[in-house]
Amino acid sequence: MAADAELTIDQLAQRTGMTVRNIRAHQSRGLLPPPDVRGRTGYYGPEHVARVELIKELQADGLNLELIRRLLDNAEGSSADVLRFTRALREPFANEEPRVVGGAELAERWGGDPGLLKRAIRLGLLRPLGDGNYEEVSPRLGRAGAELARLGVPPARALDVVEKLRRHADSAAAIFVQLFLDEVWKPFEEAGRPEERWAEIGDALERLRPFATDAMLAVFQLAMGDAVERAFGRELSRLRPRR
């Protein structure tokens, strides 16, 4: 272990923002690998820092220490690789930042109808923050809704569209997830989750994001073009020449 990577337990606690007492408790539970002991002093390295950060993140996600211990026992990879993979799992697929909106803005947008607000929360479009404020998860969808309103589409009808799209999107997402499980994760499992392949699995998951987005957009554009052509072909065929 390089000298500049060696930390005492006090330094490890300071680096990770965790108390020495908690670090010792994690060691006793088997959550942390033992330090490199020389003389009477234990020294910790990057693997310990990554492991403590992983434990903190998993606890923040609501996992108790026993579940975390089982996850780490079964991972069979380095803490850094497992941390990267779990971060990739939780990373939002969208590349847009949520926006905080106030109740007054939403009331103006939806004409003060509380039923529309409840539907938007149920659909996952808004998250209550308290004090009459909400997090708009996808500002892009919010802008699309505003554009529909300018076209004369009622807010309730716009939410109907979002709800139907969400059902179709759930099915499409399941297809991509199953593809990843079948072609990437299951072979990794069958190989015994070798430590040296954790980084490869994380890379595959990260590359799935832009691929899934691009594939869905391309397929939707093809489908939209065909749907418009069919629909308006029928409508135009009904037109009678003026006399």
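## Salt bridges, cores and a pocket in a predicted model

User: In this predicted model, Gly17 has its place in the loop between helix H1 (9-16) and helix H2 (20-28). Is Gly17 buried or exposed?

Analyst: The loop that holds Gly17 runs between helix H1 (9-16) and helix H2 (20-28). The relative accessible area of Gly17 is 63%, and the cut-off for this class is over 50%. Gly17 is therefore exposed.

User: How far apart are the C-alpha atoms of Gly17 and Val52?

Analyst: Along the chain, Gly17 and Val52 are 35 residues apart.

User: In which helix do Glu105 and Arg109 both lie?

Analyst: Glu105 and Arg109 form a salt bridge whose closest N and O atoms are 3.4 Å apart. Glu105 counts as partly exposed at 31% relative accessibility, and Arg109 counts as partly exposed at 28%. The two residues are four residues apart, about one turn of the helix, and that helix is H6 (residues 103-110).

User: Which parts does the salt bridge between Arg122 and Glu163 tie together?

Analyst: The closest N and O atoms of Arg122 and Glu163 are 3.3 Å apart. Since Arg122 and Glu163 lie in separate helices, the pair ties together parts that are 41 residues apart in sequence, namely helix H7 (residues 114-122) and helix H9 (residues 155-190).

User: Which residues do salt bridges with shared partners join into one network?

Analyst: A search of the whole structure finds 16 salt bridges, among them the pair of Arg99 with Glu136 and the pair of Glu105 with Arg109. Through shared partners, salt bridges join into one network Arg99, Glu105, Arg109 and Glu136.

User: Which element gives the most to the largest nonpolar core?

Analyst: The largest nonpolar core has twelve residues in all, including Phe85, Phe176, Trp198 and Leu208. Two or more residues of this core come from each of helix H5 (79-90), H9 and helix H10 (198-238). With six residues, the element that gives the most is H10.

User: Which element gives the largest share of the lining of the largest pocket?

Analyst: The largest pocket has a volume of about 2300 Å³, and of the 50 residues that line this pocket, the closest to its centre are Glu96, Ser138, Arg140, Leu141 and Ala169. The elements that give two or more residues to the lining are H6, strand E4 (126-130), helix H8 (139-150), H9 and H10. The largest share, 14 residues, comes from H9.

User: How many residues of the lining of the largest pocket are nonpolar?

Analyst: The polar residues of this lining number seven, and the charged residues also number seven. The nonpolar residues of the lining number 36.

Conventions
Residues numbered from 1 in each chain as written. Predicted model: local features only at pLDDT ≥ 70, side-chain atom pairs only at ≥ 80, totals over all residues. Heavy atoms only, no water. Salt bridge = Lys/Arg side-chain N within 4 Å of Asp/Glu carboxyl O. Buried < 20%, exposed > 50% of the residue type's maximum accessible area, 1.4 Å probe, protein only. Core = buried A, V, L, I, M, F, W, Y, C linked by side-chain atoms within 4.5 Å. 1 Å grid on protein atoms, 1.4 Å probe; cavity = no way out; pocket = protein on both sides within 12 Å on 5 of 7 lines; lining within 4 Å. Points joined across faces, edges and corners; volume = space filled by probe spheres on them. Nonpolar A, V, L, I, M, F, W, Y, C, P; charged D, E, K, R; others polar.
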